[in-house]
Amino acid sequence: MINSKFKWQLNQPANPDVVDQLAKDANIDPFVAKILAQRGVTSAQSAEEFMNPSVSSFHDPFLMHDMQKGIDRIQQAVEKGEHITVYGDYDADGITSTTIMYETLSDLGADVDYYIPNRFSEGYGPNVKAFQSIIQKGTSLIVTVDNGVAGNDAIDAANELHCDVVVTDHHSLPEKLPNAYAIIHPRVKNEDGDAYPFGDLCGAGVAFKIAQALMDEVPSDLIDIASIGTVADIVSLRDENRAIVKFGVQAIQNSQRPGLLALIKEAGINLSQFNEEDIGFGIAPRLNSLGRIKDATVGVELLSTFDEDRASELAKFANQQNDLRKSLVDQFFTEAVQSVEASGDINQRHTLVVVGDNWHQGVLGIVASRLVDKYQRPTIVMTAADGSDEVKGSGRSVDNFDLFKAIDPIRDQTIGFGGHHSAVGLTIQKDKVNVLKDQLEKAADQQHLDLSVKPVLDISAVLPVTKVTPELCDKIKSLAPFGQDNPKPIFKLQYDQLTNVKTMGKTHDHLKFSIVQGSNQLTAIAFGRGSIAHEIQNGQGNLQIVGEIGENTWNNRTTLQLMIDDLKETLQPVIDERTRQLHQQMFADAGIYVFFHDKVLKQLQGYVNDQSEAVMYNTVTKKLTENRRLYIVDCPDVIDDLEHVLSNVSPETTILYLYKKQLISKIGMPDRNSYAKLFRFVKEHSNINIATQLKQISEHLHISARTIIFMVQVFLELDFITIQDRVIKLNPNYTARDLKTAPSYHLRTQQLAAEKKLLVSNTHELVNFVKDCLGV
């Protein structure tokens with residue numbers, strides 16, 4: 001049974017009157033108007049701002065807290081020739097933020113350099129030793145980008161050394177802000193109590209606004225870099241961010257940056273069709289890999305260099321680091337899964353803690369995310385290094401569990417700990433791993449963690465395959481760029497049949513098939529779902545599918561395709577799985593397995609697991625079967641027996657195996673001439689040994705041995721013959737009786753009727769018969 005990973009939630013249809021008015025006033029397609037209205041865009045003005053951002057979409061940068069103060073200090077440093085250091089971060093947002101600030105200050109003629117802390121030796125944010133080293137080398141102004149709002153200790157150290165710090169950041173605000181010269185942050189309120197009009201800028205977005213303030217104009221030459229940081233940091237793609245990404249994508253298509261072009265080439269991206277997905281899945285991972293594997297400093301050089309040879313060299317290096325990152329993730333994920341399965345924790349715990357041996361610290365968060373996706377529970381992945389008593393790791397969570405809150409009570413037993421609801425990083429002593437495990441389970445109980453609760457997947461509409469056209473795809477693209485708060489629309493597809501089921505990839509990890517409706521056919525791709533290919537049958541119509549409509553270009557030919565987000569098998573009330581062979585796997589699922597023959601039950605009872613029951617048909621009750629799966633294992637001799645069972649049950653679904661080793665219908669019912677031939681033979685031959693002479697009798701009468709045995713049983717039941725020690729003799733006192741009055745004759749008649757109804761009939765006929773019996 002294929003189950004969904006998400007809880008599907010079909011969005012409420014927008015008010016038709018609102019949609020019609022919006023389509024008319026904004027002069028847009030009704031389909032686009034319907035999606036916009038679902039997302040709260042209901043006026044012509046808001047639709048225009050959403051669909052067509054302009055320079056007016058950018059707010060006044062001086063509305064941001066301390067912007068004027070920070071700009072004045074930076075300009076003072078430039079004018080006086082002070083040495084400025086841009087202090088960045090090692091992820092894609094940090095790299096792009098640093099690039100924007102560095103290029104802006106360089107263009108202003110500043111004496112400027114940049115510093116990216118090392119993920120492994122220095123960690124995230126302002127570092128006291130790093131700040132001291134920077135200042136000792138002559139820096140009198142540090143400008144942080146994408147960090148600093150929680151760097152109290154390092155900023156205090158800088159102040160003591162008479163170095164000013166201008167913080168530019170976007171992260172969550174601490175209870176106490178640092179004593180920086182200026183804090184430029186979109187969520188910090190000004191003295192009058194007002195905050196910046198849009199609080200969801202990323203680090204690169206904040207740096208971009210500072211560049212706008214310094215240049216006294218929107219810095220169009222930096223919007224390409226700002227868009228990369230904005231998409232990479234998964235911030236809201238509404239308001240100002242939408243304008244940054246929309247213009248940034250266009251700028252990248254026309255970019256003259258050697259490093260960016262080389263990186264795009266290494267990623268195999270088609271620049272003519274470049275969009276925000278190419279940033280998210282092509283450029284950002286390669287920039288992120290630099291900091292995850294080694295040192296992110298070269299990322300700024302890659303984006304800012306004008307040396308084409310150096311750009312090509314660095315782009316190749318970034319690509320190699322990304323390949324290494326992917327191979328490490330695959331390796332550690334495989335080892336982690338093996339560890340989880342071997343430990344049995346998946347059946348005993350609501351949370352997972354996996355400790356590897358010498359795993360690369362930079363990829364632990366990704367491994368944790370993949371484990372959360374596989375096991376749907378909070379997971380922490382840690383690693384132990386040779387010769388160390390410490391383990392370091394990263395954790396990821398599910399929507400209904402606050403991972404930071406779960407660990408915070410044992411903060412005093414950690415060496416290092418930080419994070420938020422969905423992600424944490426921590427370092428602990430090896431002997432505290434079990435303490436961590438127990439605390440997570442305790443928190444799962446306190447937070448009432450329910451692993452059956454699935455994350456919600458919003459579905460925009462139900463869409464027939466016949467409506468999936470290039471024109472529709474163009475309408476969807478008009479809503480781009482897609483991302484946080486403006487997701488790509490997800491549709492539930494209606495179709496008639498499913499064909500061409502196959503797997504893709506070197507290790508067959510991915511699933512591919514076609515969905516057909518009328519003369520229309522749509523290719524569907526499900527990444528990471530190759531393992532369920534064997535469960536999907538061509539022609540199957542009970543598989544529900546939701547996904548995003550997109551395009552695939554191969555050999556200069558573009559076709560439409562569906563990128564599957566989720567799928568699930570509809571539970572039919574009756575499922576036809578008639579078989580001539582039974583094997584253990586057919587009894588793996590929990591349910592009630594009903595038998596009509598005691599001999600078959602005894603043979604197969606060992607296959608039925610502890611979550612199931614194997615019962616004879618005459619013991620089945622409604623209470624036993626209520627909301628459970630009912631398996632009809634073997635074929636009854638009498639239809640009435642099956643009808644009686646089905647009228648007395650209330651299952652979730654009924655699966656029909658109807659196993660029968662040999663069909664009576666292949667032998668049939670002997671005709672009267674056959675009975676007459678056998679009777680004359682018995683009458684004319686005394687003392688027939690049925691055990692030793694059966695073959696000769698069969699050949700002589702031209703009647704099968706099985707049929708002869710059946711007729712002998714009928715004669716015996718009618719007292720036409722006697723049998724003693726397998727020797728048949730005619731009963732001299734027999735009286736003429738109707739063959740139909742023999743129990744064996746009557747049973748065979750019923751068996752033939754049952755086979756015709758249950759085994760010879762087609763699926764449609766059988767399913768309808770069983771549904772009628774069930775009353776569904």
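**Domains and helix packing**

The chain falls into domain 1 (58–321), domain 2 (344–447), domain 3 (456–569), domain 4 (574–661 + 759–774) and domain 5 (665–741); these bounds come from an automatic or database domain assignment. Between the C-alpha centres of domain 1 and domain 5 the distance is 98 Å. The model is predicted: local features need pLDDT of at least 70 and side-chain atom pairs count only at pLDDT 80 or more, while totals for chains, interfaces and linings use all residues. Residues are numbered from 1 along each chain as its sequence is written, and side-chain values use heavy atoms, with hydrogens and water left out.

The feature "domain: DDH" (unreviewed entry) is placed by UniProt at residues 84–230. That span, 84–230, is 37% helix and 16% strand, with its end C-alpha atoms 25 Å apart; helices (H or I, at least four residues) and strands (E, at least two) are DSSP runs, numbered from the N terminus. UniProt puts "domain: DHHA1" (unreviewed entry) at residues 353–443. Here the chain is 31% helix and 32% strand, and 14 Å separates the end C-alpha atoms. Residues 574–769 are listed by UniProt as "domain: Single-stranded-DNA-specific exonuclease RecJ C-terminal" (unreviewed entry).

Two packed helices are described by the angle between their axes and the distance between the axes. Axes are lines fitted to C-alpha atoms, for helices over the stretch in contact, and angles run from 0 to 180 degrees between N-to-C directions.

Helix 1 (residues 16–26) packs on helix 2 (residues 30–38) at about 120 degrees, with the axes 9 Å apart. This angle makes helix 1 oblique to helix 2; angles under 35 degrees count as roughly parallel, over 145 as roughly antiparallel, 65 to 115 as roughly perpendicular and the rest as oblique. The two helices, helix 1 and helix 2, cross in a right-handed sense; a crossing is left-handed if the near helix is turned anticlockwise from the far one by less than a right angle, and right-handed if clockwise. From helix 1, V19, L22 and A23 meet P30, A33, K34, L36 and A37 of helix 2, contact meaning heavy atoms within 4.5 Å. The contact of helix 1 with helix 2 has 7 nonpolar residues, no polar ones and 1 charged. Ala, Val, Leu, Ile, Met, Phe, Trp, Tyr, Cys and Pro count as nonpolar, Asp, Glu, Lys and Arg as charged, and the others, Gly among them, as polar.

For helix 4 (residues 67–80) and helix 8 (residues 203–215), the axes come within 10 Å and cross at roughly 65 degrees. Helix 4 is therefore roughly perpendicular to helix 8. Their crossing is right-handed. M67, I71, I74 and Q75 in helix 4 touch K209, I210, A213 and L214 in helix 8, a contact with 6 nonpolar, 1 polar and 1 charged residues.

Helix 11 (residues 258–266) and helix 14 (residues 308–343) pack with axes 8 Å apart and an angle of about 40 degrees. Helix 11 and helix 14 are therefore oblique to each other. The contact joins P258, G259, A262, L263 and E266 of helix 11 to E308, A311, S312, A315, K316, A318 and N319 of helix 14. By class, these residues are 6 nonpolar, 3 polar and 3 charged.

Two backbone details remain. Q376, which is not a glycine, has a positive phi of about 55 degrees and sits in the loop between helix 16 (364–375) and strand 8 (379–384). A480 and P481 are joined by a cis peptide bond with omega about 5 degrees; P481 belongs to the loop between helix 19 (470–477) and strand 14 (491–494).

Note on methods:
UniProt positions renumbered as here; feature names shortened; annotations may be inferred.
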